[in-house]
Each structure stands twice: as C-alpha cells, then as structure tokens.
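Student: I would like to learn how to read a helical model. Where do we begin?

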Amino acid sequence: MISKQIIRSATSIGANIHEAQYAQGKKDFISKLEIALKEASETGYWLELLHRTNYIDDKEYKKLSSKCTSLRVLLIASCRTAKENTK
C-alpha cells in the first residue's frame, strides 16, 4: 500500500532528525541528517505517485510537495553546514 509507504518514509524523517540531536559525533550527526534527506526524497516520490494515481488532488499535492521540498532544502543546507564545520 502506498499509504503505508508514505507514512513510513515521512515519519522516518523526524525520527532521524531526532536521532541526530543525540549523535555520537559529527559523522554520526551528518549521517542521520543524510538519512532524513533520503527519506524526504522518498516521501516526495510517494506524494508524486499519489498525485499521479489521483489519490490526492492538485491542491493537496502542491501543498504537501512544497512542504517536502522545503524540508529537503533545509536538510541539504544543514548537511552542508555540518560538513563544513568538520573541516
């Protein structure tokens, strides 16, 4: 079921960000954020699939996709900053 997949990937984003707060070091912190980023990307895929199969309408898709994209942008920036701070 697509709905179960999107729930899994979407909730994994928050779980990995939460885990990053308690990372065992900078590499672990970056790793958790990168996993969250991958899960956000997967969530974007499931949203697109839900939209293409008419499970969600254009308005809902645009709203959710925009939030997902914003989250990916934030995670990309956080990963870059964390990597720069390890140099």
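Tutor: Begin with helix 3. Its 27 residues should span 39 Å at 1.5 Å a residue, and its end C-alpha atoms are 38 Å apart, so the two agree. The expected span is 1.5 Å times one less than the number of residues. Helices (H or I, at least four residues) and strands (E, at least two) are DSSP runs, numbered from the N terminus. This is a predicted model, in which local features need pLDDT of at least 70, side-chain atom pairs count only at pLDDT 80 or more, and totals for chains, interfaces and linings use all residues. Residues are numbered from 1 along each chain as its sequence is written, and side-chain values use heavy atoms, with hydrogens and water left out.

Student: How many helices and strands does the protein chain have?

Tutor: There are three helices and zero strands, in the order α-α-α along the sequence.

Student: What covers the buried residues of helix 3?

Tutor: Buried means under 20% relative accessible area, exposed over 50%, and partly exposed in between (1.4 Å probe, protein chains only). The buried residues of helix 3 are Tyr 61, Ser 65, Cys 68, Leu 75, Cys 79 and Ala 82. Their cover includes helix 1 and helix 2.

Student: What is found at the start of helix 3?

Tutor: A polar contact is a pair of N or O atoms within 3.5 Å; within protein, one must be able to donate a hydrogen and the other to accept it, and residues adjacent in sequence count only if both atoms are side-chain atoms. Here a side-chain oxygen of Asp 57 reaches to within 3.3 Å of the backbone nitrogen of Lys 59. Asp 57 lies in the loop between helix 2 and helix 3 and, at 49% relative accessibility, counts as partly exposed.

Student: Which residues of helix 2 are buried?

Tutor: Among them are Ile 30, Leu 33, Ala 36, Trp 46 and Leu 50. Helix 2 covers residues 26-52, and what covers its buried residues includes helix 1 (2-20) and helix 3 (58-84).

Student: How is an aromatic pair described?

Tutor: By the distance of the ring centres and the angle of the planes. Rings of Phe, Tyr and Trp (its six-membered ring) pair if their centres lie within 6.5 Å; planes under 30 degrees apart count as stacked, over 60 as edge-to-face and the rest as tilted. This structure holds one such pair. The ring centres of Tyr 45 and Trp 46 are 4.9 Å apart and the planes are at 65 degrees, so the pair is edge-to-face. Tyr 45 is partly exposed at 45% relative accessibility, whereas Trp 46 is buried at 13%.

How values were computed: Contact = heavy atoms within 4.5 Å.
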